[in-house]
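Dear colleague,

I am handing over the structure that we talked about, with its sequence, so that you can follow the description below with the model open beside it. Please look at it first and then read on.

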Amino acid sequence: MVERVTATDAALELIERLKEKHGPIMFHQSGGCCDGSSPMCYPEGDLILGNADILLGEIGGANFYMHKNQFDYWKHTQLIIDVVDGRGGMFSLEGVEGKRFLTRSRAFTHEELTSLR
């Protein structure tokens with residue numbers, strides 16, 4: 001079964017480390033502004049979700065959300081959450097680790113899109 005959001009092994013390792021430090025966590029794909037368009041990681045419940053936020057799936061046991069307007073642009077792609085060295089969003093938990101989450105993507109095949117509907 002195809003998933004809308006997945007994570008690399010490196011991202012999953014960092015997620016586990018963050019959960020050990022902070023307890024349950026969640027992700028929200030930022031739509032721009034201060035931190036650009038990046039996956040933001042928060043302690044679960046620290047970001048208040050609205051009616052327009054969509055649950056895309058989970059990575060490493062953490063729910064991953066995106067605003068429905070942004071989803072309209074990304075709905076044809078699978079999000080692949082990775083981690084790289086460097087400072088990420090100032091509000092995202094991984095910043096103090098010297099790492100940042102990064103969204104990579106690939107277009108779904110026609111068959112995959114059909115199975116998602």
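Phe27 has a relative accessibility of 0% and therefore counts as buried, where buried means under 20% relative accessible area, exposed means over 50%, and partly exposed lies in between (1.4 Å probe, protein chains only). Before going further, please keep in mind that this is a predicted model, in which local features need pLDDT of at least 70 and side-chain atom pairs count only at pLDDT 80 or more, while totals for chains, interfaces and linings use all residues. Residues are numbered from 1 along each chain as its sequence is written, and side-chain values use heavy atoms, with hydrogens and water left out.

**The aromatic rings**

A pair of aromatic rings is described by the distance of the centres and the angle of the planes. Rings of Phe, Tyr and Trp (its six-membered ring) pair if their centres lie within 6.5 Å, and planes under 30 degrees apart count as stacked, over 60 as edge-to-face and the rest as tilted. Searching the whole structure gives two aromatic pairs. Phe27 and Phe64 make a stacked pair, with 5.9 Å from centre to centre and 20° between the planes; Phe27 is in strand 2 and Phe64 in strand 5, 37 residues apart, so that this pair links distant parts of the chain. Phe64 is also buried, at 0% relative accessibility. Phe27 and Phe101 form an edge-to-face pair, 5.0 Å centre to centre with 80° between the planes, and because Phe27 lies in strand 2 and Phe101 in strand 7, the pair ties together parts that are 74 residues apart in sequence. Phe101 counts as buried at 1% relative accessibility, and ring pairs join Phe27, Phe64 and Phe101 into a cluster.

Helices (H or I, at least four residues) and strands (E, at least two) are DSSP runs, numbered from the N terminus, and two strands pair if DSSP finds at least two bridges between them. An open sheet with mixed pairing holds four strands in the order 3-2-5-4. Strand 3 (39–43) and strand 4 (53–59) are at the edges, each with a single partner strand, so one side of each has no neighbour in the sheet. Strand 4 and strand 5 (residues 62–67) run antiparallel and are joined by six bridges; Gly57 has Phe64 in strand 5 as its bridge partner. Helix 1 (residues 9–22) packs on this sheet, touching strand 2 (25–29), strand 3 and strand 4, and its direction makes about 130° with that of strand 2. Here contact means heavy atoms within 4.5 Å, and axes are lines fitted to C-alpha atoms, for helices over the stretch in contact, with angles running from 0 to 180 degrees between N-to-C directions.

Another open sheet, also with mixed pairing, has three strands in the order 1-6-7. Strand 1 (5–7) and strand 7 (99–107) are its edge strands, each pairing on one side only. Strand 6 (residues 77–85) pairs with strand 7 in the antiparallel sense over nine bridges, and the bridge partner of Val84 in strand 7 is Arg100. Helix 1 lies across strand 1, strand 6 and strand 7, running at about 70° to strand 6.

**Leu56**

Leu56 is placed in strand 4 and is buried, with a relative accessible area of 13%. Leaving aside neighbours within four places in sequence, Leu56 is in contact with Arg4, Val5, Phe64, Met66, Phe71 and Leu79.
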